[in-house]
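Here is my note for your first read of this model. Please keep the structure open beside the numbered points.

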Amino acid sequence: MGPGDFRRFRQRISQGLQGLPGRAELWFPPRPACGFPGDGRSTDVQEEALAASPLLEDLKRRLTGAFQWAVQRGTSRREREAAAAAAAREEQSWARVEATLAGLRAELVEMHFQNHQLARTLLDLNMKVQQLKKEYELEITSDSQSPKDDAVNLE
């Protein structure tokens, strides 16, 4: 196994892990050995990788937590802003509805007043018509009685 073989092996591993679901987290491939197997230097690299692994795991955990916190905080802020905007729109629409209702109430009060005026006017006109009718009937009866009286008086 030569240095070129190790590079190809590392590429296959990194490509394979990227395609796996749930493996989108940070992944650091092991550092290539500086020496050849059996020269004593490769064990130093392995020990160094094992010592760095908890540090990298801690860093990965902290970064993941910070990212999740930032996403949650940004989402909640956006949700609060959206809720506030929706509440403002709803309040404006209720204000428009209330203003429209107030205008309709004012028109109804005005129409009620006009209705009473028209009813009074109609009653007054009806009384005048009845009065004129009585006067006309009295005039007709008085006119019809007058020629008879004249004829009776002549005899």
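1. Start with arginine 62 and aspartate 58. They are four residues apart in helix H2, so about one helical turn separates them. Helices here are DSSP runs of H or I with at least four residues, strands are runs of E with at least two, and both are numbered from the N terminus. Arginine 62 and aspartate 58 form a salt bridge, and their closest N and O atoms are 3.3 Å apart. A salt bridge means a side-chain nitrogen of Lys or Arg within 4 Å of a carboxyl oxygen of Asp or Glu.

2. A word on the source: this is a predicted model, in which local features need pLDDT of at least 70, side-chain atom pairs count only at pLDDT 80 or more, and totals for chains, interfaces and linings use all residues. Residues are numbered from 1 along each chain as its sequence is written, and side-chain values use heavy atoms, with hydrogens and water left out.

3. Is arginine 62 buried or exposed? Arginine 62 is exposed, because its relative accessible area is 56%. The cut-offs are under 20% for buried, over 50% for exposed, and in between for partly exposed (1.4 Å probe, protein chains only). Aspartate 58 has 23% relative accessibility, so it counts as partly exposed.

4. Aspartate 58 also meets arginine 61 in a salt bridge, at 2.3 Å from N to O. Arginine 61 and aspartate 58 are three residues apart in helix H2, about one turn of the helix. Arginine 61 is exposed, with a relative accessible area of 55%. Salt bridges therefore link Asp58, Arg61 and Arg62 in a network.

5. How many salt bridges does a search of the whole structure find? It finds three. One of them joins the side chains of glutamate 57 and lysine 60, at 3.3 Å from N to O. Both residues lie in helix H2 (residues 41-154), three residues apart, about one turn of the helix. Lysine 60 counts as buried because its relative accessibility is 16%. Glutamate 57, at 43%, counts as partly exposed. Why can such pairs form? Side chains of opposite charge can pair when their charged atoms come close.

6. Now the surface patches. Patches are made of residues with over 30% relative accessible area and no salt bridge; like charges are joined within 9 Å, and nonpolar side chains (Val, Leu, Ile, Met, Phe, Trp, Tyr) within 5 Å. Arg73, Arg77, Arg78 and Arg80 form a positive patch. Arginine 73 sits in helix H2.

7. Trp94, Val97, Leu101 and Leu104 make a nonpolar surface patch, with about 380 Å² of accessible area together. Such areas come from the Shrake-Rupley method with a 1.4 Å probe; for residues, only the protein chains shown count as cover. Leucine 101 lies in helix H2. At 40% relative accessibility, leucine 101 counts as partly exposed.

8. Last, the whole chain. The chain has two helices and zero strands. Of its 155 residues, 4% count as buried. The chain exposes about 14,000 Å², and carbon and sulfur atoms supply 60% of that area.

How values were computed. Lys and Arg count as positive and Asp and Glu as negative; His and the chain ends are not counted. The place of a charge is taken as NZ of Lys, CZ of Arg, CG of Asp or CD of Glu.
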